[in-house]
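Student: I would like to go through the pockets, cavities and ligand site of one model. Please show it to me before we start.

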Amino acid sequence: MKLGIVGLPNVGKSTLFNSLTKAGAESANYPFCTIDPNVGVVPVPDPRLQLLTDLYHSEKTTPAVIEFVDIAGLVKGASKGEGLGNQFLSNIREVDAIVHVVRCFEDPNVIHVDGSVDPVRDIETINLELIFSDMEILERRIAKTAKSATANKALAKEVGILRALYAHLEGGSLARSYETDDEDVLAFINSLNLLTWKPVIFAANVSEDDLADDAAGNPHVQAVREFAAANGSEVFVICARSSRRSPNWMRTSGKCSSRT
Ligand SMILES: Nc1nc2c(ncn2[C@@H]2O[C@H](COP(=O)(O)OP(=O)(O)OP(=O)(O)O)[C@@H](O)[C@H]2O)c(=O)[nH]1
Ligand SMILES: [Mg+2]
């Protein structure tokens with residue numbers, strides 16, 4: 001399984017990546033610290049695996065692995081070249097799901113690119129940039145397919161789907177909320193690798209003090225939970241900077257590599 005980490009600059013993406021993979025990627029208190037993507041692979045801990053290994057006297061045991069890809073931060077206007085632009089999103093087009101890191105911790109020493117802690121505003125900023133990036137993909141695909149579509153019924157159907165999806169995104173919606181029961185259409189959309197088609201897990205980055213009660217008293221996290229519930233996504237509370245974590249899905253360590 002492959003997961004892509006997204007979020008605004010300076011919200012703790014690389015800190016989380018390091019905490020998960022022990023990769024030692026550069027993380028620092030200024031926006032756009034990450035330029036080139038970091039890639040780390042961690043084995044999924046599963047006690048059943050050792051039992052099976054013993055039972056079958058296996059010579060080799062291969063655990064399931066999760067690959068994390070940590071990329072640069074996105075800012076408002078990235079699709080028009082703001083910040084580091086949005087071309088680096090191509091590094092996460094093929095992931096199975098997106099981990100969207102949102103800042104829910106207060107710390108006047110850590111710069112927020114939009115000046116204040118407001119995770120729902122931040123999520124909407126990132127979502128919009130992911131939508132713009134998907135629209136670019138659709139535009140290119142429409143331009144390529146439309147030429148041959150006049151003489152080919154199957155391609156004409158594809159162009160119809162691409163245009164309908166484009167209109168859906170243009171209205172500010174994520175591809176994921178596009179409704180169809182047609183299995184062929186679903187398979188076709190799936191093949192497009194649209195970022196807003198992928199499942200999203202929000203990683204609410206909190207201070208260590210908030211971990212004890214799963215951030216029940218943190219209003220920013222409550223806002224993220226409400227947003228996620230309305231959008232069919234999951235929320236995990238983490239303190240990226242701490243070795244203590246509440247979600248057990250991330251309790252991993254392992255070998256890693258960096259693409260840089
Ligand atoms: N107080 C506090 N600071 C944190 C936490 N997580 C990250 N930071 C700090 O925030 C700063 C930015 O962290 P990074 O992990 O480099 O952020 P990033 O999202 O990868 O940033 P870019 O690569 O610039 O997009 C660093 O100084 C971190 O130590 C946290 O949970 N609490
Ligand atoms: Mg980073």
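Student: What volume does the largest pocket have?

Tutor: This is a predicted model, in which local features need pLDDT of at least 70, side-chain atom pairs count only at pLDDT 80 or more, and totals for chains, interfaces and linings use all residues. Residues are numbered from 1 along each chain as its sequence is written, chains are lettered from A and ligands numbered from 1 in the order in which they are written, and side-chain values use heavy atoms, with hydrogens and water left out. On a 1 Å grid over the protein atoms alone, a pocket is an open set of points with protein on both sides within 12 Å along at least five of seven lines, whereas a cavity is a set where a 1.4 Å probe fits but cannot get out. Counted as the space filled by probe spheres set on the points, which are joined across faces, edges and corners, the volume of the largest pocket is about 470 Å³.

Student: Which residues lie nearest the centre of the largest pocket?

Tutor: Lining residues have an atom within 4 Å of a grid point. The lining of the largest pocket divides into 13 nonpolar, 11 polar and 5 charged residues. Of the 29 lining residues, those nearest the centre are Asn10, Val11, Gly12, Thr15 and Phe105.

Student: Where does ligand 1 sit?

Tutor: A molecule is placed in a pocket if more than half of its atoms lie within 2 Å of the pocket's grid points. By that criterion, ligand 1 sits in the largest pocket.

Student: Which helix gives the largest share of the shell around ligand 1?

Tutor: A residue belongs near the ligand if one of its heavy atoms lies within 4 Å. The shell holds 25 residues, and Lys13, Thr15, Phe32, Cys33 and Thr34 come nearest. With 3 residues, the largest share comes from helix 1 (residues 13–21).

Student: How much of ligand 1 does the protein bury?

Tutor: A polar contact is a pair of N or O atoms within 3.5 Å. Oxygen atoms of ligand 1 lie 3.2 Å from a polar backbone atom of Ala28 and 2.8 Å from a side-chain N or O atom of Thr34. Of the 650 Å² that ligand 1 exposes when taken alone, the protein buries 94%.

Student: What is the volume of the largest cavity?

Tutor: The count comes to 2 cavities of 30 Å³ or more. Lining the largest cavity are Ile98, Asn127, Leu130, Leu174, Arg176, Leu195, Thr196, Lys198 and Val200. The volume of the largest cavity is about 50 Å³.

Technical notes. Polar contact = N/O pair within 3.5 Å; in protein donor to acceptor, adjacent residues only side chain to side chain. Areas by Shrake-Rupley, 256 points an atom, 1.4 Å probe, with all protein chains shown as cover. Helix = DSSP H or I, 4+ residues; strand = E, 2+ residues; numbered from the N terminus. Nonpolar A, V, L, I, M, F, W, Y, C, P; charged D, E, K, R; others polar.
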